[in-house]
Amino acid sequence: MDIKEIKSKFPIFSNKVKGKKLVYLDSANSSQKPKVVIDRISNFYSKEFSNVGRSMHSLAVTATNRFEETRDLIKNFINAKFREEIIFTKNATEGINLIATTYGEKFIQDKDEIIITELEHHANYVPWHFLRKRKGAVIKFAECDKQGEVSIDSIKKLITSKTKLIAVTHVSNVTGTILPLSKIIDLAKTKKIPVLIDGCQGAPHLKLDVQKLDCDFYVMSCHKMYGPTGVGVLYAKKKWLEELPPYQGGGGMIDEVKKDDISFPESPTKFEAGTLQTAEIVGFAESIRFIENIGIKKITQHEKEITEYGLEKLKKNNSVSIIGDPKERGAIISFTIKGIHPHDIATILDDDGVAIRAGHHCCQILHDKMGIPATARASLGIYNSKEDIDILNESINKCNKVFNN
Amino acid sequence: MDLKELYQEIILDHGKNPRNKKKCNGFNKDAKGNNPLCGDKVHVFLKLNGEKKVEDISFEGEGCAISIASASIMTEIIKGKDFNLAKNILESFINMLKEGSKPRINSLSDNENTTIMSLSGVKQFPMRVKCATLAWHTFLHAAEDNKKVVNTEK
C-alpha cells in the first residue's frame, strides 16, 4: 500500500508542527480527515444545503436524499439487515446513553444486573452508573488479567438470572485488546441476554458484520473513522427499536400531537429528535467511501504490520514498558517510561511533532487495576508508516536525555 | 518554545527528589486537588499556628515532573512564612504563569527567587500551566478551610 499517497489525501499533514513534520499517533482519540470529506461538507453547504425531511422545495429533497444515502452506506458498511436499524447520534457516547436510558426505562428494575468489563471507557460505564442511581441496577465488572485479556469465563461467572445486559468494548482504547465478541455473544444468547458493543476502536479498523456477529446494539463515533465530529451511529436490532420508547423529544420524531397525547413514528425517526448534524452526516458518506476505496481488510492488515513493528521496536527499548500483552491487538500501544511521567513524555514528544495522548484515557478503572495513574498512548490510523514509529522511538530516547536517565 | 527552559535542572531535581513529600507532623489543615483530565492528584498538609504563620507544610500525590516539582518548591518556599506573605507569593507565581511577568519578590531571598523563577518556562506550554498551579490552589483551600476538592477544570 502506498502510504505516502494516502497521507497526501489528508491536508493536515502538509502543515508543520513546531517546524517539524507531523507524526500523528492519536487516532484512537480522533482521526484526521481526508480532503474529500472536508470538501464534501463545504460543497454541500455551498450547493445543496437545506434542512432534511421537512420542507417540500427542491433543495430539501436533494438534502434529504444525500442525508439518507449515508444511512444506506452505513447499513452496507456494517451489513445491517434493515436501514431502519441505523440511528444517527452525536457520538458513540450518546448511542450508549440512548440505550441506557430507553432500555433502562423499560427493562431494568431494582437489583437487575448489568455486566461490563474493567477495560471499559467511561462512556460505557457512566451511563450505566446513572441507571444504578436511578433504578437500583447493579453493575458487575468482568475482570481483565495482566495481559489485558477478558476471558469468557470471567464474564460467564458473573451471569445470573438477574443479568439484563452485557455491555463490552470491541477493542480496548488502552491495551488494544480485541475482545472475543463472538464467544461473548454466543454465551449471552444461550441465556437470552442482549449485548451492546462499544465499537469506537473497532469500527475504524476491523471488518464488521453485525448480522454475523448477532449483537443487539453496536455504537460508533464517526470522528474516529476519518469522518466529521458531531456524528455517531447506533446500530440496534429492529425488534429492540420497535420496543424501546423514544429517547429525546422534539420536532421530527412525532407521529401525531394532540393536547392530551402524542404518538410516535417508527425507527429511525422515533429516535432522531430535532435537526441533526446534516452536513456532517452527508460528509460522513465520503469517509465510508474513502475507507471502502482502500478496503477495510487492507486497513486492518496495514495497521497490524505497523503495530507489530512498533511493539518490536519499543520492546527493544529498555526504558519502555508496554501496557498489556493481548493475543489479539488493535492498532494501539500504551506504554510508560521508567522515571518519566506520561505528561512529560507527551510534552517532549510534541517538541518533535509527535502527537500522542497521555493520561488515563477515560479508563480510570483499568488504570487503578494496573496500579498506574497514567500511561502514554500511541494509536494508529491508515496514514501511519514505519517511519512514524522510528521517529516515535527516537523521541522516546530524547525523553531519557531530557530527564538525564 | 524550548524544552530546556521547561525542564530546568532545578525542576528535574525537585521532580525526582521532591522535598516535604509526606504527611507532616501535627498538621491542622489539609486539602485535596485533582486534575480530572489527566488523573493528577495532590493532597496538601498544613500546620498554621495562632499567628497565621505556616509552621510546616507538606504534600502527597501523583503527577508529572512539573506538578511534583511545583508542589515541592511551594512547600520549601512557603514553610516558615506568614500566611499573608504566602498568599502574595502565590499571586505572583500565578501571574508569572498566566501573564509571563517575572517579578522579583522582595521578601524572598535570591535563592528562593531563582527557585520559583525556574517554573516560568511553563508559561510557554499552556497545556501544562494547570500542572504547575494545582498544588498552589490546593494550599489556599487548605489554609482557608475550603473543604471543596480543587478541580483544575472548574
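In chain A of this predicted model, seven strands come together in an open sheet whose order is 4-10-9-8-7-5-6, and the pairing within that sheet is mixed. If you look at the two ends of that order, you will find strand 4, residues 86-89, and strand 6, residues 138-142, standing at the edges; each has a single partner strand, so one side of each is left without a neighbour in the sheet. From one strand to the next, the twist averages 20°.

Strand 7 of chain A, residues 163-169, and strand 8 of chain A, residues 195-198, are paired in the parallel sense, and four bridges connect them. As one example of such a bridge, Val168(A) has Ile197(A) in strand 8 of chain A as its partner. What packs on this sheet and touches strand 4, strand 9 and strand 10 of chain A? That is helix 3 of chain A, residues 58-78, and its direction makes about 115° with that of strand 4 of chain A.

Which strands are joined to strand 17 of chain A by bridges? One is strand 14 of chain A, residues 332-337, which runs antiparallel to strand 17 of chain A and is joined to it by four bridges; here Ile332(A) stands opposite Ser379(A). Another is strand 16 of chain A, residues 357-359, also antiparallel to strand 17 of chain A, with three bridges between them, and in this pair Gly359(A) has Thr375(A) as its bridge partner.

Let us turn to the helices. Two packed helices are described by the angle between their axes and the distance between the axes. Helix 11 of chain A, residues 296-316, and helix 14 of chain A, residues 386-402, pack at an angle of about 25°, with 9 Å between their axes. Angles under 35 degrees count as roughly parallel, and helix 11 and helix 14 of chain A are therefore roughly parallel to each other. Their crossing is right-handed. On the side of helix 11 of chain A, the residues that meet helix 14 are Ile306(A), Tyr309(A), Gly310(A), Lys313(A) and Leu314(A), and on the side of helix 14 of chain A they are Lys386(A), Ile389(A) and Asn393(A). By class, this contact holds four nonpolar, two polar and two charged residues.

Helix 14 of chain A also packs with helix 12 of chain A, residues 342-350, where the angle is about 115° and the axes are 9 Å apart. These two helices are therefore roughly perpendicular to each other, and helix 12 of chain A passes helix 14 of chain A in a right-handed crossing. Helix 12 of chain A brings Ile345(A), Ile348(A) and Leu349(A) to the contact, whereas helix 14 of chain A brings Ser395(A), Lys398(A), Cys399(A) and Val402(A). Five of the residues in this contact are nonpolar, one is polar and one is charged.

Finally, I come to chain B. Its four strands form an open sheet in the order 3-2-1-4, again with mixed pairing. Strand 1 of chain B, residues 29-35, pairs with strand 2 of chain B, residues 40-48, in the antiparallel sense over seven bridges, and in the hairpin that they form, with four residues between the strands, Gly39(B) takes a positive phi near 90°. Strand 2 of chain B and strand 3 of chain B, residues 54-62, are likewise antiparallel, over eight bridges. Strand 1 and strand 4 of chain B, by contrast, pair in the parallel sense over two bridges.

Notes
Residues are numbered from 1 along each chain as its sequence is written. Chains are lettered from A and ligands numbered from 1 in the order in which they are written. This is a predicted model: local features need pLDDT of at least 70, side-chain atom pairs count only at pLDDT 80 or more; totals for chains, interfaces and linings use all residues. Axes are lines fitted to C-alpha atoms, for helices over the stretch in contact, and angles run from 0 to 180 degrees between N-to-C directions. Angles under 35 degrees count as roughly parallel, over 145 as roughly antiparallel, 65 to 115 as roughly perpendicular and the rest as oblique. A crossing is left-handed if the near helix is turned anticlockwise from the far one by less than a right angle, and right-handed if clockwise. Two residues are in contact if their C-beta atoms, placed from the backbone, lie within 7 Å. Ala, Val, Leu, Ile, Met, Phe, Trp, Tyr, Cys and Pro count as nonpolar, Asp, Glu, Lys and Arg as charged, and the others, Gly among them, as polar. Two strands pair if DSSP finds at least two bridges between them.
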